[in-house]
Amino acid sequence: MSGLSCHPLPPEQASTVFPLVREAIPGLDLRSWLRFARRASDPRRAAREGIIVVVRSPRPMPCGLFVYRKEQELGHGEVLIAEHFVAVDLLDAEPVMQALIAELDVLARRLGCGAIRAMVLNPASQTATQLASAGHRPAGGALWKDVDAPADGDATPTGA
């Protein structure tokens, strides 16, 4: 993994990683990403959430990233939640992903987390395989359902 380094995304560089994020979330629009990224990458929030990027020296542009947040979980205490893993490299993306996965352990320790939950949508993906090789294991499952959000002013108060 020589030449690769991980660090938090500075808020002013949020637009530069948009092409990477589109690899993980193809339908995402720039405006939504910038709104999310500017808040998540605020250095004042780094102890609770953020975006980690990996850069291959001497190239200045990030070639990988993940989004994280810290949550309190019953029975486990503080847990690092990481998702939207992306590693792009013209020759070999595997070392980029390995750098990101290694950074999970460093970040979890720095944030005082006792566990890491790495969220991957495809359990057969290369990302899931590399996470498993690094000691991550399946723990439960996630079910998803899209719902229509109420239009502004259409929300009915609970208990009404």
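**The α3–α4 contact**

In α3, E94, M97, Q98, I101 and L104 meet Q126, T127, Q130 and L131 of α4 (contact means heavy atoms within 4.5 Å). By class, this contact has 4 nonpolar, 4 polar and 1 charged residues; Ala, Val, Leu, Ile, Met, Phe, Trp, Tyr, Cys and Pro count as nonpolar, Asp, Glu, Lys and Arg as charged, and the others, Gly among them, as polar.

The model is predicted: local features need pLDDT of at least 70, and side-chain atom pairs count only at pLDDT 80 or more, while totals for chains, interfaces and linings use all residues. Residues are numbered from 1 along each chain as its sequence is written, and side-chain values use heavy atoms, with hydrogens and water left out.

**The buried face of α4**

T127, A128, Q130 and L131 are the buried residues of α4 (buried means under 20% relative accessible area, with a 1.4 Å probe and protein chains only). Viewed down the axis of α4, these buried residues fall within an arc of 165°, so they line one face of the helix; the arc is that of the directions from the helix axis to the C-beta atoms. They pack against β4 (77-87), α3 and β5 (115-118).

**The whole chain**

The protein chain has 4 helices and 5 strands; these are DSSP runs, helices being H or I of at least four residues and strands E of at least two, numbered from the N terminus. Buried residues make up 34% of its 160 residues. The C-alpha atoms fill a box of roughly 60 × 35 × 35 Å, taken along the principal axes.

Technical notes: Buried < 20%, exposed > 50% of the residue type's maximum accessible area, 1.4 Å probe, protein only.
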